[in-house]
Amino acid sequence: MERCDLVIVGGGPAGLAAAIAAREAGVADLLVLERDRELGGILNQCIHSGFGLHTFREELTGPEYARRYIRRAEELAVPCLMDTMVLEISPERVVTAVNAQRGLFQLQAGAVILAMGCRERPRGALNIPGFRPAGVYTAGAAQRLVNREGLMPGREVVILGSGDIGLIMARRMTLEGARVRVVAELMPYSGGLKRNIVQCLDDFGIPLKLSHTVVDIQGRERLTGVTLARVDENRRPIPGTEEHYTCDTLLLSCGLIPENELSRGAGVALSPVTNGPVVDESLETSVPGIFACGNVLHVHDLVDFVSQEAAQAGRRAARYLAGGGERGEAVRLTAGRGVRYTVPAQADPLRMEEELTVRFRVDNEYRGAAVVVSAGEEVLQRRKKRILAPGEMEEVRLSRKDLLERPAVREITISLEVAP
């Protein structure tokens with residue numbers, strides 16, 4: 001069995017940023033394993049602009065953003081194995097992988113960074129009745145067909161789900177000459193960024209129907225139409241509210257799921273809310289030496305935040321390989337009213353950097369609410385927000401100094417203070 005100080009699983013934006021940061025932190029023996037033929041991950045099919053505003057202070061397309069990280073990895077001579085599928089990671093950090101050149105092989109890693117990204121929720125998970133005709137795609141599959149293969153899935157389109165990929169594909173299909181009839185969303189709010197609703201739907205006159213879902217699919221060989229219905233507060237279709245739309249294509253943009261099979265096989269504890277690993281301030285999972293970052297940890301709204309988080313994972317993995325430093329007692333970070341989860345879930349003040357970014361999502365749309373960070377009865381931070389929405393990730397920053405000055409604090413809660 002070969003040995004490697006640091007193995008990074010995934011060569012997308014998270015894996016590349018983690019590898020670059022680890023190399024810059026002094027890790028000489030590292031390896032990126034990527035199952036695709038090229039680096040860059042999902043960014044290679046995201047030809048729209050809007051990337052890099054936080055990282056590079058300029059607007060880039062997905063391939064342009066990826067290329068900057070690929071170029072930096074090449075400058076640092078980061079070794080990458082392409083067309084390589086990781087089959088298993090053991091709790092002892094033994095990585096089992098396979099490719100055409102080497103066959104089945106194993107690596108004993110000193111540390112592992114999980115950066116596998118996420119996948120789309122398929123039709124089978126949505127319980128939509130009807131036959132299984134051609135013409136039903138996930139939004140990401142349609143994006144690849146249009147942007148990379150030069151193929152049009154159809155000409156009359158209905159989109160179920162208002163996640164960012166679905167919104168972007170509504171615009172993309174329109175620009176390619178298709179007619180997007182409607183975007184239906186099960187929830188009473190959109191799952192995408194506000195800017196995408198404006199730029200991809202409003203600017204093209206595409207209607208968005210909130211609290212609606214597909215209740216029937218028509219067509220045996222090829223999709224011929226779908227039926228939408230309004231749903232009640234329990235997300236059940238309301239009889240008598242059905243509307244029929246003729247179409248030849250249905251795109252599904254109904255949520256993303258972290259690629260957590262390898263995480264689960266390694267014995268990593270998973271969050272029931274994010275479906276990704278539970279991590280601490282170092283982005284280390286419940287299994288020592290295994291770190292997680294990017295969309296395999298929790299689904300992000302902007303790739304810039306993926307890169308920031310992954311760079312932190314790379315630095316902390318380098319620190320782990322160098323000995324880890326002193327450990328103290330961790331403070332639990334919990335989600336209070338209106339907050340679905342926090343990443344990380346705990347923080348050791350002795351191991352924190354001077355500031356720790358804690359990211360979270362809210363559970364509904366709120367106007368004029370305040371984000372409150374509290375330790376028991378003491379309020380550490382209160383920040384008023386004009387609008388909070390589930391489609392946009394929020395963050396607070398905790399000070400290492402504040403926590404060290406309060407050694408008795410064992411739990412910090414992030415919650416919303418909602419105006420009456």
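Colleague: In what kind of crossing does H1 pass H2?

Modeller: H1 passes H2 in a left-handed crossing. A crossing is left-handed if the near helix is turned anticlockwise from the far one by less than a right angle, and right-handed if clockwise. Helices (H or I, at least four residues) and strands (E, at least two) are DSSP runs, numbered from the N terminus. On sources: this is a predicted model, where local features need pLDDT of at least 70, side-chain atom pairs count only at pLDDT 80 or more, and totals for chains, interfaces and linings use all residues. Residues are numbered from 1 along each chain as its sequence is written, and side-chain values use heavy atoms, with hydrogens and water left out.

Colleague: At what angle do H1 and H2 pack, and how far apart are their axes?

Modeller: H1 (residues 13–24) and H2 (residues 62–75) pack at about 30°, with axes 10 Å apart. Axes are lines fitted to C-alpha atoms, for helices over the stretch in contact, and angles run from 0 to 180 degrees between N-to-C directions.

Colleague: Which residues meet there?

Modeller: Leu16, Ala17, Ile20 and Glu24 of H1 meet Ala66, Tyr69, Ile70, Arg72 and Ala73 of H2. Contact means heavy atoms within 4.5 Å. The contact residues divide into 7 nonpolar, no polar and 2 charged. Ala, Val, Leu, Ile, Met, Phe, Trp, Tyr, Cys and Pro count as nonpolar, Asp, Glu, Lys and Arg as charged, and the others, Gly among them, as polar.

Colleague: Switching to Ser307. Where is it, and is it buried or exposed?

Modeller: Ser307 is in helix H7 (residues 303–321). Ser307 counts as buried because its relative accessibility is 3%. Buried means under 20% relative accessible area, exposed over 50%, partly exposed in between (1.4 Å probe, protein chains only).

Colleague: What does Ser307 touch?

Modeller: Leaving aside neighbours within four places in sequence, Ser307 is in contact with Pro13, Ala17, Tyr65 and Tyr69. With Tyr65 there is a side chain to side chain polar contact at 2.6 Å. A polar contact is a pair of N or O atoms within 3.5 Å; within protein, one must be able to donate a hydrogen and the other to accept it, and residues adjacent in sequence count only if both atoms are side-chain atoms.

Colleague: And how many residues of H7 are buried?

Modeller: Of the 19 residues in H7, 14 are buried.

Colleague: OK, H4. Why call it largely enclosed?

Modeller: H4 is largely enclosed by the rest of the structure because 9 of its 12 residues are buried. Those buried residues pack against H3, strand E11 (156–160), strand E12 (179–185), helix H5 (194–201) and strand E17 (249–252).

Colleague: How do H3 and H4 pack?

Modeller: H3 (residues 139–147) and H4 (residues 164–175) pack at an angle of about 35°, with axes 9 Å apart. The contact residues include Ala139 and Val146 of H3, and Ile168 and Arg172 of H4.

Colleague: Last one, Asp363. Where is it?

Modeller: Asp363 is in the loop between strand E23 (355–362) and strand E24 (366–367). At 33% relative accessibility, Asp363 counts as partly exposed.

Colleague: Which side chain does Asp363 make a polar contact with?

Modeller: The side chain of Tyr366, at 2.6 Å. Not counting residues up to four places away in sequence, Asp363 touches Tyr189, Gly338, Arg340 and Pro390.
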